[in-house]
Amino acid sequence: MADQKNGRFHVIYRAGGSADGGSITMTTPSGIEQHDVSLPLRSTDGETGVRLTVGKGEFLSVMIQNRADTGTVTCEIVVDGATVAQNTTSAAYGIASCDYAIPY
């Protein structure tokens with residue numbers, strides 16, 4: 001659940017699929033980040049996904065592009081434990097894109 005006292009929301013960006021890796025682009029409170037990653041996406045502490053805390057009105061976006069011509073890539077955005085966006089592509093070098101706006 002959101003921290004109702006200060007209007008903060010707990011977000012997890014997830015990227016996975018059968019592809020070996022991908023190029024990820026994601027929005028964070030500090031800006032846009034781009035990285036080449038292995039799948040599934042893991043945070044620096046080894047947990048699956050990248051965790052953020054955001055406020056009301058924040059726009060969330062994560063895109064993962066397959067680095068090969070085979071396999072699938074999937075993106076997912078989870079806010080306070082609920083999946084709010086999910087997408088998959090199996091296209092060669094395809095991009096799965098997920099976005100969501102936290103309501104005010």
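This is a predicted model: local features need pLDDT of at least 70, side-chain atom pairs count only at pLDDT 80 or more; totals for chains, interfaces and linings use all residues.
Residues are numbered from 1 along each chain as its sequence is written, and side-chain values use heavy atoms, with hydrogens and water left out. Strands are DSSP runs of E with at least two residues, numbered from the N terminus, and two strands pair if DSSP finds at least two bridges between them.

**The sheet S4-S1-S6-S7**

- An open sheet is formed by 4 strands in the order S4-S1-S6-S7, and their pairing is antiparallel.
- At the edges of this sheet are strand S4 (50–55) and strand S7 (82–89), each of which pairs on one side only.
- From one strand to the next the twist averages 20 degrees, where axes are lines fitted to C-alpha atoms and angles run from 0 to 180 degrees between N-to-C directions.
- Strand S1, which covers residues 8–16, pairs with S4 in the antiparallel sense over 6 bridges, and Val 11 has Leu 52 in S4 as its bridge partner.
- As a general point, strands of a sheet pair through backbone hydrogen bonds, either parallel or antiparallel.

**The sheet S3-S2-S5-S8**

- Another open sheet of 4 strands has the order S3-S2-S5-S8, again with antiparallel pairing.
- Its edges are S3 and S8, each with a single partner strand, so one side of each is left without a neighbour in the sheet.
- Neighbouring strands of this sheet are turned against each other by 10 degrees on average, with direction ignored.
- Between S2 and S5 there are 5 bridges in the antiparallel sense, and Met 26 has Val 62 in S5 as its bridge partner.

**The nonpolar core**

- A nonpolar core is a set of buried Ala, Val, Leu, Ile, Met, Phe, Trp, Tyr and Cys residues joined through side-chain atoms within 4.5 Å, and buried means under 20% relative accessible area, exposed over 50%, and partly exposed in between, with a 1.4 Å probe and protein chains only.
- The largest nonpolar core holds 24 residues, of which Val 11, Tyr 13, Leu 60, Val 62, Ile 64 and Ile 77 touch the most other members.
- Two or more residues of this core come from each of S1, strand S2 (21–28), S4, strand S5 (59–66), S6 and strand S8 (95–101).
- Leaving aside neighbours within four places in sequence, Ile 64 is in contact (heavy atoms within 4.5 Å) with residues including Ala 15, Ile 24, Val 37, Val 73 and Ile 95.

**Salt bridges and Glu 76**

- A search of the whole structure finds 2 salt bridges, each being a side-chain nitrogen of Lys or Arg within 4 Å of a carboxyl oxygen of Asp or Glu.
- One of them joins the side chains of Glu 76 and Arg 14 at 3.5 Å, N to O.
- Because Glu 76 lies in strand S6 (residues 73–79) and Arg 14 in strand S1, this pair ties together parts that are 62 residues apart in sequence.
- Glu 76 is buried, with a relative accessible area of 14%, whereas Arg 14 counts as partly exposed at 31%.
- The side chains of Glu 76 and Thr 83 are also joined by a polar contact of 2.6 Å, a term for a pair of N or O atoms within 3.5 Å in which, within protein, one must be able to donate a hydrogen and the other to accept it, and residues adjacent in sequence count only if both atoms are side-chain atoms.
- A salt bridge of 3.2 Å, N to O, joins the side chains of Glu 47 and Arg 51; Glu 47 is partly exposed at a relative accessible area of 36%, and Arg 51 is partly exposed at 43%.

- Gly 16 has its place in strand S1 and is buried, with a relative accessible area of 14%.
- Although Gly 16 and Thr 72 are 56 residues apart in sequence, their C-alpha atoms are 8.2 Å apart in space.
- Ile 32 is found in strand S3, residues 31–38, and is exposed, with a relative accessible area of 65%.
- Not counting residues up to four places away in sequence, Ile 32 touches Thr 25, Met 26 and Thr 27.
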